[in-house]
Amino acid sequence: MYTKIFRAVIIGAPGSGKGTISERIVNTFGFLHISSGDILRQNIVNNTDLGKKAKQYIAEGQLVPDDIVTKTMLARITEVGNKSYILDGFPRNSAQAEILSSREQIDAVINLNIPHDVIIERVKNRWIHAPSGRVYNIGFDDPKVPGRDDITGDRLTQREDDKPEVVARRLQLYDELMGPVLAWYGKRGLVTSFKGRETKEIWPRVERFLKDRVNMG
Ligand code: G5P
Ligand code: MG
């Protein structure tokens, strides 16, 4: 058991490995993973009002309007209550960062710094099981049976926003909007950056970083 609640934000470009690293944090430290993209995609699969509103923005690589996402994410954080968590995909711009900081005390910002050429190659090979959100990658994290989800055997699909032209837009938007957010957290001494080309070199450093900070009860 961890005695202190630890609230972390993970930041990184599309395809930088936020989901992959978060999953390892969940398995090693027992944090909850709160991913705005996963929540939005789940709502699209379930065809909820939120899903219907978000679908087109996501397909085009644009941000879903702030008010909708912020409301959803703050509600999820409230629901989680007093538990350690890792926030992935939120905040996504300065307005969201300010609202979050007015509500929550963030302990650390983990910044994944992966070169764009690596990212472009990775997302071409990303396959997902949309109903569950499970993610695979050909050559890195292959499904047991090619093209099929490990658990259900359902056919895998590619994310609508992983088309090359949409990825280019997402990367550009990321640089534009997240530069100021990183600077804002940086000024408060919260950012630790992890630079590299592969998760296998990044993860041990993130694990060490958290082990040094998270109090073990
Ligand atoms: P998301 O869902 O937040 P992005 O664009 O921030 O999407 P994404 O694409 O989910 O981020 P990731 O989680 O950083 O990427 O990366 P990942 O899935 O872990 O890894 C990418 C792939 O590489 C995977 O297939 C993985 O298996 C593989 N991989 C990992 N490590 C390695 C490695 O070492 N080697 C190799 N070969 N492969 C590896 O947001 C989506 C959309 O939702 C909306 C927006 O429209 C956004 O575009 N949205 C919001 N809108 C407004 N405000 C918000 N706060 C919003 N949040 C989401
Ligand atoms: Mg992700």
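Me: Leaving aside neighbours within four places in sequence, which residues is Ser-16 in contact with?
Reply: Ser-16 is in contact with Leu-112, Ile-114 and Ile-119, once neighbours within four places in sequence are set aside. Contact means that the two C-beta atoms, placed from the backbone, lie within 7 Å.

Me: What kind of model is this?
Reply: This is a predicted model: local features need pLDDT of at least 70, side-chain atom pairs count only at pLDDT 80 or more, and totals for chains, interfaces and linings use all residues. Residues are numbered from 1 along each chain as its sequence is written, with chains lettered from A and ligands numbered from 1 in the order in which they are written.

Me: Back to Ser-16. Where is it found, and is it buried or exposed?
Reply: Ser-16 is in the loop between β1 and α1. It counts as buried because it has 25 C-beta neighbours inside 10 Å. The cut-offs: 20 or more other C-beta atoms within 10 Å is buried, 12 or fewer is exposed, and in between is partly exposed, with C-beta atoms placed from the backbone.

Me: And Gly-15, what does it touch beyond four places in sequence?
Reply: Gly-15 touches Ile-119, Arg-122 and Val-123, not counting residues up to four places away. Gly-15 also lies in the loop between β1 (7-12) and α1. It counts as buried, with 27 C-beta neighbours inside 10 Å.

Me: Which "binding site" positions does UniProt give along with Gly-15?
Reply: The unreviewed UniProt entry places that feature at Gly-15, Ser-16, Gly-17, Lys-18, Gly-19, Thr-20, Arg-126, Val-135, Tyr-136 and Thr-199. UniProt positions are in the numbering used here, feature names are shortened, and annotations may be inferred rather than shown by experiment.

Me: Which residues are in the "binding site" listing that has Ser-36?
Reply: The unreviewed UniProt entry lists Ser-36, Arg-41, Gln-62, Leu-63, Val-64, Gly-89, Phe-90, Pro-91, Arg-92, Gln-96, Arg-159 and Arg-170. They span 135 residues in sequence, and the farthest two C-alpha atoms are 24.5 Å apart, so they do not all gather at one spot.

Me: Where is Ser-36 placed?
Reply: Ser-36 is in helix α2. Helices (H or I, at least four residues) and strands (E, at least two) are DSSP runs, numbered from the N terminus. Ser-36 is buried, with 21 other C-beta atoms within 10 Å. Leaving aside neighbours within four places in sequence, Ser-36 contacts Val-69, Met-73, Gly-89 and Phe-90.

Me: Why is Val-64 called buried?
Reply: Because Val-64 has 20 other C-beta atoms within 10 Å. Val-64 sits in the loop between α3 and α4 (66-80).

Me: Switching to ligand 1. Which residues come nearest?
Reply: Pro-14, Gly-19, Gly-37, Gly-89 and Asn-137 come nearest, of the 34 residues around ligand 1. A residue belongs there if its C-beta atom, placed from the backbone, lies within 6 Å of the ligand.

Me: Which elements supply at least two residues of that ligand 1 shell?
Reply: α1 (18-29), α2 (36-45), α3 (49-60), β6 (134-137) and α8 (199-213) each do.

Me: Last one. Is Arg-103 buried or exposed?
Reply: Arg-103 is exposed, with 12 other C-beta atoms within 10 Å. It is found in helix α5 (residues 94-103).
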